[in-house]
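Here is a short briefing to read alongside the model. Please keep the sequence and the 3D view open as you go.

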Amino acid sequence: MNGDVLDLMSSWVSHFRTPPRHLRVLGMNAAELDANSMADERIVHDLNADPRVPLPDGCVDDAVCCVSVDYLTRPVEVFRDVARVVRPGGRFVCTFSNRLFPTKAIRGWLYATDDDRCRIVAEYFRQSGAYGSATVSRRTPPNHLGDPLFAVWATRP
Ligand SMILES: C[S@@+](CC[C@H](N)C(=O)[O-])C[C@H]1O[C@@H](n2cnc3c(N)ncnc32)[C@H](O)[C@@H]1O
């Protein structure tokens, strides 16, 4: 991703090998976002209180959400609104592992398997009605010793 990118539910780090041309980060903690040296713009916003992304239509090429989708209590509304701010042909990529904060994740995530979690995120894309079909991908090999990494993404038509 090298264009205008939105990192949703971001903190002090955005996980890009090469910084995008312009990176907006949205999260709940202003101090964390201030410490994100890759960010060009910082937006403090609680997506559970208001699932609308406070940005104009079609202002980013792609959006990402890393290891945080399990905190969303109104995920379908958020996914639909992310599609509004992503330009046609852009992707929304959700990545996650198998770690979680039990007090923060939605209950359904706590008892789900890795495959269930991939299906849950794919279902968020489907129910939003705003994307093409979702792709599910395990990014780490099966014999990987560290945390597994999963990605589910879809493109805005
Ligand atoms: C586990 S951290 C992940 C941070 C970052 N994405 C990363 O990969 O390092 C979860 C992040 O989600 C943000 N977050 C949690 N609930 C949120 C909400 N309702 N709206 C927006 N951001 C939220 C927090 O501020 C926190 O930075």
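Thr140 counts as buried because its relative accessibility is 11%; buried means under 20% relative accessible area, exposed over 50%, and partly exposed in between, with a 1.4 Å probe and protein chains only. This is a predicted model, in which local features need pLDDT of at least 70 and side-chain atom pairs count only at pLDDT 80 or more, while totals for chains, interfaces and linings use all residues. Residues are numbered from 1 along each chain as its sequence is written, and side-chain values use heavy atoms, with hydrogens and water left out.

- Thr140 sits in the loop between β6 (135–138) and β7 (150–155); helices (H or I, at least four residues) and strands (E, at least two) are DSSP runs, numbered from the N terminus.
- The backbone nitrogen of Leu149 is reached by the side chain of Thr140 at 3.0 Å.
- Leaving aside residues up to four places away in sequence, Thr140 touches Asp147, Pro148 and Leu149, where contact means heavy atoms within 4.5 Å.

**The ligand and its surroundings**

- The ligand is surrounded by 17 residues, and the closest are Met9, His15, Glu32, Asp46 and Leu47; a residue is near a molecule if one of its heavy atoms lies within 4 Å of it.
- Let's look at the polar contacts, each a pair of N or O atoms within 3.5 Å; within protein, one must be able to donate a hydrogen and the other to accept it, and residues adjacent in sequence count only if both atoms are side-chain atoms.
- From the backbone, an N or O atom of Met28 lies 3.3 Å from an oxygen atom of the ligand, and a polar backbone atom of Leu47 is 2.9 Å from a nitrogen atom of the ligand.
- From a side chain, an N or O atom of Asn48 is 3.4 Å from a nitrogen atom of the ligand.
- Taken alone, the ligand exposes 590 Å², and the protein buries 85% of that; accessible areas come from the Shrake-Rupley method with a 1.4 Å probe, and for residues only the protein chains shown count as cover.

**Helix α2 and what covers it**

- Helix α2 (residues 75–85) is mostly covered, with eight of its eleven residues buried.
- Those buried residues are Pro75, Val76, Val78, Phe79, Asp81, Val82, Ala83 and Val85.
- Their cover includes the strands β1 (4–8), β4 (62–66) and β5 (91–96), along with helix α4 (114–128).
- Ser128 belongs to helix α4 and counts as buried because its relative accessibility is 5%.
- Ser128 touches Val76, Phe79 and Arg80, again not counting residues up to four places away in sequence.

**Positive phi values**

- Met9, in the loop between β1 and β2 (22–27), has a phi near 60°, a positive value in a residue other than glycine.
- Val67 is not a glycine either, yet it has a positive phi of about 45°.
- Val67 lies in the loop between β4 and α2, and it counts as partly exposed because its relative accessibility is 45%.

**An exposed helix residue**

- Is Asp34, at 56% relative accessibility, buried or exposed? Asp34 counts as exposed, and it is found in helix α1 (residues 30–34).
- Between Asp34 and Pro102 there are 26 Å in space, C-alpha to C-alpha, and the two are 68 residues apart in sequence.
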